[in-house]
Amino acid sequence: MRLFSTETSSFILHKKVLSGERSLREQGLPISANVRSVFSEDLSPTFYLKKSLHLYQQGLRKDEVKLLFLSIKCLKKSATSLPQDFSTLYFWGTVLWKIGEKTGDISYFSAAYEKYLDAKTHIVEESPSVLADFYTQLGTLETLLAEKSGEAIDIRFAIKSFRSSLRYQKNPAPSFWIAFGKAYYQMGLFVNDNRHYLQAIGHFTKALEYEGKNPAAWILSASAYKELYINTSSEKYFKQASLHYQHACQYDDLNEEIWLEWAAILHESGKINEDPKKLRLSIEKCIRAHSLEPNSPRVIGQWIESLSLLGSLSSRHDLIIEAENKAIKATSSFPESPEVWYAYAVCLGAQATYYEDPAFYDFAIEKIQQGLWIDSSIAELWCLLAFFHHRLGSHFSDQKLLRLAEKFYQKTASLKPACPQVIFQRARNLLELAELLENAQYARQAYETLEHLIHFQKDSLLDHPEWLFAYASSLYTLGEISSNETFLMRSVEVFWQVLLIEPEFPQIHRKLAITFSQLADFSTNTVLYQKAFHYFEISVQKDPENQETWLEWGLSLIQHAHLTYDTKKEFSIYLDAEKKIRKAGELGSEHAFYHLACLYSLMGKFTDAMHLLEMAKERDVLPPLTELIEDDWLEALRATPKFSQFVRYLEQKEKL
């Protein structure tokens, strides 16, 4: 699509100079006089206007920018003695605009804009069609200037100009609706307001109603839907974006940019939903784009990302290796492309997942830093840097790494504040910090961040029960740390919402069991323990190999036994707890040694308890010495000489 049409402004000026042709002939000067003669004689202002129009038309036809400069020179000659009017200024601005396009010098766009604004002040009696065209051109130029300046105020002027144009036309052409829609789309990019994207889509749709095979309208509409998807993670917007990209490719299948954008949104949805099918489709689009533009680092980068993630999700190491080979070659060919370094980091992250080796995250971070050195304004690089620090911090239970991740997520949010996936990832990192440090402040930050996400993305919750699950988990953690039953009860309600949306959501029954168990501990309500045991039962039926569930079930049974005043029943519950904790140990839980030692202390099996404490020490899973001395479940064992000897040994070891 052409940026703008100059037919109307040229036509206005042409009408104006026709009246002066007779006087030109009377002077004996031909209309097509040699260009050099234009500046060698003192000719009339009307002649210079006519010559300016002629030079402009010749410059466009021959694609010679020097003729456009001569056209401007003629306009300046006429301006010395001829009063400036709307048509002359309008045309003057148009020529300057075209020079800016031809030379790439944005100063000419600004100069053109000044002439357009000057022309606006000289509007007297113009036809509606002329005014409609003028305001459309003015809005288009203001949109272009806004893209260059990055200032939202410029795009507000553009929208105002398009609205003015609309007042002077009954049936706007598709090109008008496309230009108007682009202004709203640009405003959406500036202020992260989804309403502007929806407004843009409405205008693009009107263009398509007149001209259904217009690829520009399809690609712009697809791009607006893509931004809506990024800002909401709503799958309905993904479906619309994908459909519009499909139509765009149908009418312009040689445009590698369309294939690339289609591949990118397929990748994004495939990543969020862990959908291998979408990732395969993304790779197909990348291959098509690469066939059209083999030397595009953006295309190669997207191809690497999709291959890496598909390999990680499907445990296909050959795909990850293929991606790595492409990444090595790409970073050598395009060392100044941040997209390529980002893709290389994604590939190394896939290696970390496949090999279960966190060392790959360190290598990936090096690649991200290389990309940031090239361009530190790319939000995706900061987000990936935060994500890998989170993974490392989670693996090593390292608060410093998790705090670094929080810092990088804050940076990401400053660059991309409306992206729900960034908000969600940041909240999970805060939640992990809260759990690791038992810190109520971090727990509250996580809770408030997720509450904000859920409040503003209500329409997307059915697509993303993981947001609700994390929100419920933050309520649970905040309630547990602050001993607040209200938060725990709210977490139960939200966990139930997750269960309604996705009955097979991973770990949902386990989390409900733990929450009811915690509520029972606070309230000493044995009915709540029964609810907890019910959900533990369902959880182990669905995932019988989960060692954590068996361990937590056993600990919950011990707590329940303390509320039983029947000695015989209490001992029976202890035996049941022993089975659950032993099962956790059989499945690989090293923490089972310590907790079973505590249970044997309660049961009076001191020899067995000490033996298990020794085993826990060998595996380095004992709690800090202060907690060991204060643990209520070890009270009976602490009275034995062997425990005292064990504690002295630990104290001496700490001093070394």
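How many residues does helix α24 have, and how far does the helix reach from its first C-alpha to its last?

## Helix α24

Helix α24 spans residues 465-482, has 18 residues and reaches 26 Å from its first C-alpha to its last. This is close to the 26 Å expected at 1.5 Å a residue, where the expected span is 1.5 Å times one less than the number of residues. Helices are DSSP runs (H or I, at least four residues), numbered from the N terminus. Of the 18 residues in α24, 14 are buried; buried means under 20% relative accessible area, exposed over 50% and partly exposed in between (1.4 Å probe, protein chains only).

## Basis of the model

The model is predicted: local features need pLDDT of at least 70 and side-chain atom pairs count only at pLDDT 80 or more, while totals for chains, interfaces and linings use all residues. Residues are numbered from 1 along each chain as its sequence is written, and side-chain values use heavy atoms, with hydrogens and water left out.

## Salt bridges

The whole structure holds 18 salt bridges, each a side-chain nitrogen of Lys or Arg within 4 Å of a carboxyl oxygen of Asp or Glu. In one of them, Lys226 pairs with Glu261, and their closest N and O atoms are 2.6 Å apart. This pair links distant parts of the chain, 35 residues apart: Lys226 lies in helix α12 (residues 215-232) and Glu261 in helix α14 (residues 256-273). Lys226 is buried, because its relative accessible area is 15%; Glu261 counts as buried at 11%. Lys226 and Glu261 also belong to a network of salt bridges with Glu257 and Arg298.

How values were computed: Helix = DSSP H or I, 4+ residues; strand = E, 2+ residues; numbered from the N terminus.
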